[in-house]
Amino acid sequence: MSFQERLKADAVLIEARLGVALAGRADQPVTHAMRYAVRGGKRLRGFLVLEGARLLGVSEARAISAAAAVEALHAYSLVHDDLPCMDDDDLRRGQPTVHRKWDEAVAVLAGDALQTLAFELLCDPALGSPDVRLALVAGLARASGIDGMVLGQALDIAAETADRPLTLAEITALQAGKTGALIGFSAEAGAVLAGADPAPFRRYAAALGLAFQITDDILDETGDEAKTGKRLKKDAKAGKATFVSLLGLDGAKARAAALVAEAEAALDSYGERAANLIEAARFVIARET
């Protein structure tokens with residue numbers, strides 16, 4: 001299966017697992033908002049979980065709950081990121097954000113519930129031994145908490161009122177948490193499931209996560225809102241430093257391309273078996289959404 005075929009097939013698998021996880025829950029606005037929030041998207045993080053697992057001989061059936069967990073966690077982060085007290089966005093994936101479709105209270109609770117759902121999914125016995133499940137829980141907690149995504153978001157908010165723009169080193173550290181940490185968990189989860197060395201996947205993810213964020217900054221500057229499905233040029237209007245403002249458009253594109261080469265090199269030892277993960281890295285900087 002080609003990368004694009006695999007990405008689409010994995011999205012279907014993840015959608016189905018999330019559907020099962022949310023089936024039979026209380027018939028409440030917050031539940032409907034949860035289902036709405038996990039709809040659509042590229043499912044790149046879930047793909048990384050499943051493809052890393054396949055590469056190391058772990059079946060999709062065993063890994064699927066971990067893939068669904070990271071997508072539930074990612075959906076929670078987007079719901080909260082869109083809130084008026086954060087980025088104050090009206091659109092996500094071309095649709096009204098959760099707080100616009102319902103209200104802020106429902107959005108906060110839906111995000112909270114999606115976060116806890118992620119850890120519930122990581123308790124699925126199908127994932128393996130209690131030690132494996134505990135390692136996954138601990139890994140996702142670190143990636144999404146104060147040492148990872150939450151820290152990155154806090155630094156991003158602080159940058160909005162700082163008395164100077166962030167330096168390149170500071171924005172790189174910020175994005176390593178805000179975007180990179182969850183991508184890192186996703187890429188390493190297959191190794192955790194297989195009991196394999198996570199180091200190559202860690203190096204791959206570090207390069208991939210930064211390339212992803214640089215491309216987001218490029219799209220914010222040059223993208224088409226009809227394709228991205230969200231408001232663009234927010235950072236420029238807010239006077240915030242981005243990879244584009246610090247490196248220039250051509251410099252940012254060159255840095256992203258160099259990072260993709262680093263991601264590819266990290267998986268050299270796996271040869272052709274890593275083809276889809278390598279294509280995923282190339283896709284990250286070629287995407288339009």
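Predicted model: local features only at pLDDT ≥ 70, side-chain atom pairs only at ≥ 80, totals over all residues.
**Helix α3.** Select residues 44–55, which form α3. This helix has 12 residues and reaches 16 Å from its first C-alpha to its last, close to the 16 Å expected at 1.5 Å a residue. Since 12 of the 12 residues are buried, α3 is largely enclosed by the rest of the structure. The buried residues include R45, E51 and R54 as well as F47, L48 and V49. Now show α1, α4, α9 (168–194), α10 (199–222) and α15, against which the buried residues of α3 pack. After α3 comes G57, with a positive phi near 85°.

**Helix α6.** Next select residues 104–121. The 18 residues of α6 should span 26 Å at 1.5 Å a residue, and the end C-alpha atoms are 26 Å apart, which agrees. Colour V106, A107, A110, G111, L114, L117, A118 and L121, the buried residues of α6. They lie on the same side of the helix, because they cover an arc of only 135° around the axis. Residues three or four places apart on an α-helix point the same way, because there are 3.6 residues a turn. The buried residues of α6 pack against α1 (3–22), α2 (29–37), α4 (60–81), α5 (98–101) and α7 (130–144). At the start of α6, look for a side-chain oxygen of D103 within 3.2 Å of the backbone nitrogen of A105.

**Helices α14 and α15.** Finally, select residues 249–266 (α14) and 275–286 (α15). Their axes are 9 Å apart and the packing angle is about 170°, so α14 and α15 are roughly antiparallel to each other. Show side chains for the contact: A256, A257, V260, A263 and E264 of α14, and I278, A281, R282 and I285 of α15.

How values were computed
Residues numbered from 1 in each chain as written. Heavy atoms only, no water. Helix = DSSP H or I, 4+ residues; strand = E, 2+ residues; numbered from the N terminus. Expected span 1.5 Å × (residues − 1). Buried < 20%, exposed > 50% of the residue type's maximum accessible area, 1.4 Å probe, protein only. Arc of directions from axis to C-beta. Contact = heavy atoms within 4.5 Å. Polar contact = N/O pair within 3.5 Å; in protein donor to acceptor, adjacent residues only side chain to side chain. Axes fitted to C-alpha atoms, helices over the stretch in contact; angles between N-to-C directions. Parallel < 35°, antiparallel > 145°, perpendicular 65-115°, else oblique.
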